[in-house]
Amino acid sequence: MFHYLLMTVGPREGTQFVLAEGKQNRIGRGLDCDVILADPLSSRVHAIVLFEDGGWFVRDAGSRNGTYVNNQKIDEARLMAGCVLKVGSTEFEFHESPTKPSDTNRFDHTQTVIHDRSVLQAEEPAEFGVEALRDEERAHDFLTLHQLSMKLLGCTQPDEVVRVSLELLRERVRASVVGFLWASDDGQLKPKLVIPEDATGKVQLSGDLTELVTRQGKAIWIDNQELAAKGAAGQHYADAICVPLVHNGTSLGAMHVSRKRPLQAERF
């Protein structure tokens, strides 16, 4: 039997969050949570849903505004099918299903790679610096990196580092959507922070493209034009790039950028 939370009130209404039995499923604003909320009334780790003693329970994690089950404020409560869980201003219903719920965030169209490039053999910093001074466009990139470095000096929390980086990236490339995806233990790229939050489904990749990014360490430029034929006018994203974040040869996650107008190949 599979168990999941269905968001009924919030920016991602209709999204299903499958719960794992062997771990604490954390809900809150923190990027290390399993269900991440962009909700000012939610604490960094607001509540924890876990399976123990043959049943599912929710525990308040010392939140500022409390956790509610069926409109009753709780420290801990057992969850039954149909229970309404309220965290901050966001509400969920607890459900069980004999089959695994579908991932409502994923695309249902074909994503085509226009171009890919390995980031495992990066340029030497000194070479990049010299090149940036010679080229006006890349000099602008160099200035943006300097601006980012100065802003990051004022950050004290990992969540803040990610948000500041994404906001600057979105401004620099005039993106419609930017996102930070974390590589899970099962090899999937799962959104941890997306701006704007209601566009979470726009930053996920098919299995084959996830393999390129996580296993092969390749940055990819994706053509999403087929979405234009299937979606409503003005709602599609022309193309996107996804760049892995690599440490010691391992992809820990990725940065994803989508635009409603095509990205320029020379900027990739």
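A residue counts as partly exposed when its relative accessible area lies between the buried limit, under 20%, and the exposed limit, over 50%. Arg 44, at 35% relative accessibility, is therefore partly exposed. The model discussed here is predicted. A search of the whole structure finds four aromatic pairs, and the count of salt bridges comes to four.

**Aromatic contacts**

- Phe 17 and Phe 92 form an edge-to-face aromatic pair, with 6.0 Å centre to centre and 80 degrees between the planes.
- Phe 17 belongs to strand S2 (residues 16-18) and Phe 92 to strand S11 (residues 90-97), so this pair ties together parts that are 75 residues apart in sequence.
- One aromatic cluster is formed by Phe 51, Trp 56 and Phe 94.

**Salt bridge between Arg 44 and Asp 159**

- The side chains of Arg 44 and Asp 159 meet in a salt bridge at 3.7 Å, N to O.
- This pair links distant parts of the chain, 115 residues apart: Arg 44 is in the loop between S4 and strand S5 (47-52), and Asp 159 is in helix H3 (residues 158-173).
- Whereas Arg 44 is partly exposed, Asp 159 is buried, with a relative accessible area of 17%.

**Salt bridge between Lys 23 and Asp 34**

- Lys 23 forms a salt bridge with Asp 34, in which the closest N and O atoms are 2.5 Å apart.
- Lys 23 is in the loop between S2 and strand S3 (25-28), and Asp 34 is in the loop between S3 and strand S4 (35-36), so the pair ties together parts that are 11 residues apart in sequence.
- Lys 23 is partly exposed, with a relative accessible area of 36%, and Asp 34 is partly exposed at 31% relative accessibility.

- Arg 59 and Glu 76 form a salt bridge whose closest N and O atoms are 2.7 Å apart.
- Because Arg 59 lies in strand S6 (residues 55-60) and Glu 76 in strand S9 (residues 76-79), the pair ties together parts that are 17 residues apart in sequence.
- Arg 59 has a relative accessible area of 27% and is partly exposed; Glu 76 is likewise partly exposed, with a relative accessible area of 41%.

How values were computed
Residues are numbered from 1 along each chain as its sequence is written. This is a predicted model: local features need pLDDT of at least 70, side-chain atom pairs count only at pLDDT 80 or more; totals for chains, interfaces and linings use all residues. Side-chain values use heavy atoms; hydrogens and water are left out. Rings of Phe, Tyr and Trp (its six-membered ring) pair if their centres lie within 6.5 Å; planes under 30 degrees apart count as stacked, over 60 as edge-to-face and the rest as tilted. Helices (H or I, at least four residues) and strands (E, at least two) are DSSP runs, numbered from the N terminus. Buried means under 20% relative accessible area, exposed over 50%, partly exposed in between (1.4 Å probe, protein chains only).
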